[in-house]
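Reader: I have a structure open on my screen. Can you walk me through some of it?

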Amino acid sequence: MNTTLPPLPSDRDLRRLVHFSTGDGRIWLADQRMVLVHAAALSALRRELMATLGPVQTRRVLMRAGYASGERDALLARQVRRGASLFEAFSVGPQLHMLEGVVQVTPEIFEVDEDKGHYLGHYRWDHSWEVEVHLREFGPQAEPVCWMLLGYASGYTSAFFGRPALYKEVQCAACGAPHCRIEGRFAEEWPDGEAMARDYDADSMLVKLEELQSQVHSLRTQPQPADDQGPLVGQSPAFVQTIELLRKAAQTQVTVLLTGETGVGKERFARALHAMSARTDKPFVAVNCAALPAELIESELFGAEKGAYTGAATTRVGRFERAHGGTLMLDELGELPLPAQAKLLRVLQSGEIDRLGSAAPRKVDVRVVAATNVDLAQAVREGRFRQDLLYRLNVYPIRIPPLRERLEDIEPLALHLLDKYVAQHGKRVLGFTDRALAAMRAYPWPGNVRELENLIERGIILASTGATVDAETLFPHLPAAGGTTVNSGGALEPAQSPADQAQAGDLYAQLQQSGMTLEGLENTLLREAVARAGGNLAAAARALGLTRAQLSYRLSRLQQEE
């Protein structure tokens with residue numbers, strides 16, 4: 001039984017089992033044929049399964065697929081590390097999972113007593129491919145989504161010990177946790193083991209017709225966040241919360257105040273509010289208060305009778321009357337002059353307007369949606385905005401979050417805009433490279449969605465027909481192609497320079513000339529680091545970029561080999 005775990009052993013023995021047979025187009029892991037598959041292809045398959053079978057059936061199908069993969073890898077474990085400790089032999093599974101590019105595995109608890117039928121395994125997962133693609137397609141989740149990974153762990157452990165073992169995902173990064181975590185036990189040790197095991201039973205691939213009909217009915221009756229330009233795109237918690245506030249306001253007559261930075265799409269949200277309301281078949285009128293000359297604002301908003309002022313040759317219908325029965329959006333409201341603010345307050349309180357030059361008030365039925373990027377409370381303190389008008393407008397405030405608070409929305413927004421501008425410009429491109437997506441996720445977006453729109457449109461125009469849009473096309477300030485790469489954290493970083501590459505080439509040549517193996521080089525470096533540090537293992541570990549525990553483990557293995 002082990003509760004304090006050593007580091008995972010070296011995976012060099014596993015990497016030696018991987019062979020690329022270019023002559024016949026096959027890849028081998030020992031005697032098992034493997035296939036390199038794009039994560040994007042698995043994402044597309046997952047999306048199709050979800051659309052066809054629904055999440056419950058998709059989860060079970062993918063868990064069974066993972067289970068089969070885990071069983072196959074378990075066949076290697078006892079063969080590869082004969083004579084190794086139980087932990088080292090069992091670690092073949094987690095290490096193969098990492099070698100196969102599936103997830104980073106960190107063992108936390110490994111307790112085994114096969115005679116007593118006891119197993120307890122706790123593992124932390126980072127960089128799960130399933131979390132990555134599920135968030136990309138479906139946004140943050142309430143339930144864990146590492147279905148294939150979970151099935152793999154259950155299949156591997158069951159085959160390794162020769163008795164049924166099952167895992168639960170007790171924490172998932174798709175649900176907002178910093179890491180995924182799983183807990184495994186032998187099946188009989190789980191109180192609900194029978195129910196868990198049913199996830200691996202073969203069952204029908206068909207979803208009941210009435211369930212599909214219920215889902216379709218639910219989708220059709222739920223008002224969708226969209227406007228005349230199409231759906232609002234987003235899946236981040238901040239976006240979902242904003243849409244929920246919009247939905248609640250849509251079926252009422254409340255005046256709505258939209259706040260947010262420049263470029264967040266306040267007019268799009270206002271149009272979506274109108275589209276979800278009972279006023280959807282009535283006019284939506286938008287007016288930018290900052291773009292109107294101060295002397296014309298009142299006539300633009302409230303209208304003017306013929307002869308009301310010099311040059312008024314005809315009666316002018318104002319924006320309030322044009323929006324009768326529908327929605328009037330007052331954008332950049334913070335720029336409205338104080339006299340016009342007083343008249344606006346009266347309209348909001350009485351539902352009546354006074355045309356310039358007319359003594360008879362006119363009733364209007366208009367829902368007002370105000371929008372501003374100005375701090376209106378600060379404007380009140382500075383005397384630029386009426387406090388009573390702020391109270392009247394601030395009944396139902398909705399803050400539109402900036403794009404930097406909606407990181408999960410950047411990729412779906414980019415793909416949506418790609419489709420839009422590809423159709424608009426009649427140009428065929430194959431999507432974004434992973435480096436381009438990484439660059440977009442790392443960028444702070446001071447201009448928000450408007451900046452993203454401009455960047456995507458420019459990228460499509462600059463990209464070659466039939467090619468992908470790369471990071472350098474989107475962000476010209478980045479180094480030329482090959483100058484950046486995606487690191488293990490998913491962010492862009494400078495690629496290895498030519499000088500570094502030359503140095504690596506020289507080092508390799510020296511290694512070849514000396515006849516030293518990679519393992520021998522590592523052992524030599526370990527001894528040299530300890531010697532230069534005067535036996536101080538902590539200092540030697542820092543010099544090598546290792547933890548002290550990792551260095552101690554490598555030294556102990558070196559001593560055993562000697």
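Reader: Is aspartate 388 buried, partly exposed or exposed?
Author: Aspartate 388 is partly exposed, at 32% relative accessibility. Buried means under 20% relative accessible area, exposed over 50%, and partly exposed in between, with a 1.4 Å probe and protein chains only. This is a predicted model, where local features need pLDDT of at least 70, side-chain atom pairs count only at pLDDT 80 or more, and totals for chains, interfaces and linings use all residues. Residues are numbered from 1 along each chain as its sequence is written, and side-chain values use heavy atoms, leaving out hydrogens and water.

Reader: Which side chain does aspartate 388 meet in a salt bridge?
Author: Arginine 386, at 2.8 Å from N to O. A salt bridge here is a side-chain nitrogen of Lys or Arg within 4 Å of a carboxyl oxygen of Asp or Glu. Arginine 386 is partly exposed too, at 28%.

Reader: How many salt bridges in the whole structure?
Author: The search finds 31. Among them, arginine 346 pairs with aspartate 354, with the closest N and O atoms 3.2 Å apart.

Reader: Which residues are linked in a network?
Author: Glu132, Arg136, Glu411 and Arg441 are linked by salt bridges.

Reader: New topic. Which residues of helix 10 are buried?
Author: Phe239, Thr242, Ile243, Leu246, Arg247, Ala249 and Ala250. Helices are DSSP runs of H or I, at least four residues, numbered from the N terminus.

Reader: What exposed residues sit on the face turned away?
Author: Gln241 and Lys248.

Terms used: Helices (H or I, at least four residues) and strands (E, at least two) are DSSP runs, numbered from the N terminus.
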